[in-house]
Amino acid sequence: MTDKPYARRTSRARKEMTAEAIQDEMSLAVREAAGPRSAGDSVKACILRASRALGLEYNATRALYYRQRKSIPAHLVDQIRARIVEIEERKIERLGHELAVLQARIDARKRIRDADAAAVASRSLQVGE
């Protein structure tokens, strides 16, 4: 025979764990949307940056940051997840561009190094003859 009160408590505990997991996810999403904190950067500035990036009001973002919301509507969770994906895709594009610029600098420095080495080698051949 099944103990129904126990089953209800287990179900309620699972829901609470899920709500806690979503609160943790949303708090982390706000922190990711804010970007890295620089020296002297306040928490308020980070929350403001995150609210702009996520398209949310400051107080709503602050509540997510500090895990103060008891429940978070599914449409808000979906909106934040979508915005985080957009932010990460832009970051990938930006990093890809930075990588291409760095590779071009390395290639240019190698060409200069190789040209200098060839010039030194040809001078030493001329001196040695």
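User: Hi! Where does Arg67 lie?
Analyst: Arg67 lies in the loop between H3 and H4. Helices here are DSSP runs of H or I with at least four residues, strands are runs of E with at least two, and both are numbered from the N terminus.

User: Good start. What kind of model is this, and how are residues numbered?
Analyst: This is a predicted model, in which local features need pLDDT of at least 70 and side-chain atom pairs count only at pLDDT 80 or more, while totals for chains, interfaces and linings use all residues. Residues are numbered from 1 along each chain as its sequence is written, and side-chain values use heavy atoms, with hydrogens and water left out.

User: Thanks. How many helices and strands are there?
Analyst: The protein has four helices and zero strands. Read from the N terminus, the order of elements is α-α-α-α.

User: Back to Arg67, then. What is its phi?
Analyst: Phi of Arg67 is near 55°, which is a positive value in a residue other than glycine. As background, most residues other than glycine have a negative phi.

User: Which side chain does Arg67 meet in a salt bridge?
Analyst: Arg67 pairs with Asp24, at 2.8 Å from N to O. Arg67 sits in the loop between helix H3 (58-65) and helix H4 (74-128) and Asp24 in helix H1 (residues 4-34), so this pair ties together parts that are 43 residues apart in sequence. The salt bridge rule asks for a side-chain nitrogen of Lys or Arg within 4 Å of a carboxyl oxygen of Asp or Glu.

User: How many salt bridges does the rule give?
Analyst: The count comes to four salt bridges. Another one of them joins Glu25 and Arg81, whose closest N and O atoms are 2.7 Å apart. Glu25 lies in helix H1 and Arg81 in helix H4, so this pair links parts that are 56 residues apart in sequence. Glu25 is partly exposed at 32%, and Arg81 is partly exposed at 36%.

User: And what does Asp41 pair with?
Analyst: Asp41 meets Arg49 in a salt bridge, 2.9 Å from N to O. Asp41 counts as buried at 13% relative accessibility, whereas Arg49 is partly exposed at 29%.

User: New topic: which residues make up the patch of negative charge?
Analyst: Glu32, Glu86, Glu88, Glu89 and Glu93 gather there on the surface. H4 gives the most to this patch, with four residues. Take Glu89: this residue is found in helix H4 and is partly exposed at 46% relative accessibility.

User: What counts as a patch?
Analyst: A patch is made of residues with over 30% relative accessible area and no salt bridge; like charges are joined within 9 Å, and nonpolar side chains (Val, Leu, Ile, Met, Phe, Trp, Tyr) within 5 Å. Asp and Glu count as negative, Lys and Arg as positive, and His and the chain ends are not counted.

User: How many aromatic pairs are there?
Analyst: The count is one aromatic pair. The ring centres of Tyr65 and Tyr66 are 4.9 Å apart and the planes are at 80°, so the pair is edge-to-face. Rings of Phe, Tyr and Trp (its six-membered ring) pair if their centres lie within 6.5 Å; planes under 30 degrees apart count as stacked, over 60 as edge-to-face and the rest as tilted. Tyr65 is buried at 10%, whereas Tyr66 is partly exposed at 40%.

User: Which residues in H3 are buried?
Analyst: Those are Thr61, Ala63, Leu64 and Tyr65. Across the protein, 19% of the 129 residues count as buried.

User: Last one: how far is Thr61 from Ala50?
Analyst: Their C-alpha atoms are 7.2 Å apart in space, and the two residues are eleven residues apart in sequence. Ala50 has its place in helix H2 (residues 43-54) and is buried, with a relative accessible area of 0%.

Technical notes. Buried < 20%, exposed > 50% of the residue type's maximum accessible area, 1.4 Å probe, protein only. Areas by Shrake-Rupley, 256 points an atom, 1.4 Å probe, with all protein chains shown as cover. Charge placed at Lys NZ, Arg CZ, Asp CG, Glu CD.
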